[in-house]
Structure formats: C-alpha cells, structure tokens
Amino acid sequence: MRWSTQRADKLSKGIAENKNRNIKKKVRLTLYEMCLFSMFGALMFGSKKIMEFLPNIHLIGMFVVLLTVVYRTKALIPLYIYVFLDGVFGGFNLWWIPYLYVWTVLWGMAMLIPKKIPSVAAAIVYPVVCSLHGFLFGILYAPAQALFFKLSFEQTVSWVLAGSLFDTVHGISNLIVGLLIFPLSVILKKLNSSVYTRIA
C-alpha cells in the first residue's frame, strides 16, 4: 500500500510538472514574436491613422482575425499594443474605454473558428466573421455609451439606429478587406515555419 501510494504521488507530480512546462511553452515569447507583435501593433495603429479620412473604413478587423487564426491567444498582444497606442495619441478619454473590449470580441469570434478549417471554407468564413463584427460594432459599443451618459434603453436603441449607416459601411468594408485574411494567413504561416526552422 505504501509503495502504491508513493508511486501515485510521483505520477501526480510528473503530470503537474508536464502541465507547468506546457503552460510555460505556450506563454513564452521568442524575440522574433516580440518584434513581430510590436510591428503589427504599430502597423494597425498606423494604418488606422492613414485611413482616418475614410469614415469607418480601416484594416483593424482584418488584422485582428489574421493574427488570431495564425497566433491564437498571442494575438491579444499586438491587439492591445494597438489599443494602447490609440489611447496614447488620441487621449485616454471615454471613447477609448470600449476599445478595451470591442476588439476582443472579434478576437473571441475568430478563436471559435476551427484550426483545421478547409481552405475553401476559410476563404469565406474569415471575411464573414470580420464583416459581422463591423455590422455589430455600434451594438457592442452601445453598453459603454449608455453607462457613461446614463442613457435609457430607448435612448440607447436610438443611438445605435442613428449610427446604423456607419455600421453598414463598416461591415461592408470589413467584408472586402477581409478577403485578404486567408492569403495573408498562408503567407504568414509559411514565414513563421521558415523562421522557426532556422531558430531550431
């Protein structure tokens, strides 16, 4: 009995150590990833500023889905680098606070897409998910707006409807730029595999 108990303790310790190693492997960032994520965060911010003269037309949604399907959980790093830069240069005001969760919703939607989705399906699903978030942007933003300005439910609905035209433009433009997600993800995955092979 004593021998079997000791063996069970060693087995449980071994399982716990393997779990900790796996967690460290998943969380640990390479120098390549740190540079890449910093670049993508800056690229997201820069592209948004360049395209500001086009109302609700930008590449942020495309980048979020692209980085999520390639890097999964780690995609949150460039996403929040972008959000932080937006706050630094635009001011950490009330308009910025919903950005802390609005883009994360799109990340969550992209995370639900299966990893081994067929290429033909991926080329369709990626832009559709990106587009859906654009159409829902006003609805996602509305709770914060209602909370900050103490809007009633009717006022909140009116606010969403007033911005429906902008959300429509957002959704359609996201669908168009979302067509870039699949080919760019293929290129990015090939680049990563070549870099990781050289590092190894």
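This is a predicted model: local features need pLDDT of at least 70, side-chain atom pairs count only at pLDDT 80 or more; totals for chains, interfaces and linings use all residues.

Student: Is L165 buried or exposed?

Tutor: L165 counts as exposed, because its relative accessibility is 60% and the cut-off for exposed is over 50%.

Student: How far is L165 from F135?

Tutor: Their C-alpha atoms are separated by 9.5 Å, and the two residues lie 30 residues apart along the chain.

Student: New topic: at what angle do helix 2 and helix 3 pack?

Tutor: Helix 2 (residues 31–50) and helix 3 (residues 60–71) pack at about 165 degrees, and their axes are 10 Å apart. That angle makes helix 2 roughly antiparallel to helix 3, since angles over 145 degrees count as such. The crossing of helix 2 past helix 3 is right-handed.

Student: Which residues meet there?

Tutor: From helix 2 come Y32, L36, F37, F40, L43, M44, S47 and K48, and these meet I60, F63, V64, L67 and Y71 of helix 3. By class, this contact of helix 2 with helix 3 has eleven nonpolar residues, one polar and one charged.

Student: And helix 5, which of its residues are buried?

Tutor: The buried residues of helix 5 are Y99, V102, W103, T104, L106, W107, M109 and A110.

Student: What covers them?

Tutor: The cover over the buried residues of helix 5 includes helix 2, helix 3, helix 4, helix 6 and helix 8.

Student: How many residues does helix 5 have?

Tutor: Helix 5 has 13 residues, and from its first C-alpha to its last it reaches 18 Å, close to the expected 18 Å.

Methods. Residues are numbered from 1 along each chain as its sequence is written. Side-chain values use heavy atoms; hydrogens and water are left out. Axes are lines fitted to C-alpha atoms, for helices over the stretch in contact, and angles run from 0 to 180 degrees between N-to-C directions. Helices (H or I, at least four residues) and strands (E, at least two) are DSSP runs, numbered from the N terminus. Angles under 35 degrees count as roughly parallel, over 145 as roughly antiparallel, 65 to 115 as roughly perpendicular and the rest as oblique. A crossing is left-handed if the near helix is turned anticlockwise from the far one by less than a right angle, and right-handed if clockwise. Contact means heavy atoms within 4.5 Å. Ala, Val, Leu, Ile, Met, Phe, Trp, Tyr, Cys and Pro count as nonpolar, Asp, Glu, Lys and Arg as charged, and the others, Gly among them, as polar. Buried means under 20% relative accessible area, exposed over 50%, partly exposed in between (1.4 Å probe, protein chains only). The expected span of a helix is 1.5 Å times one less than its number of residues.
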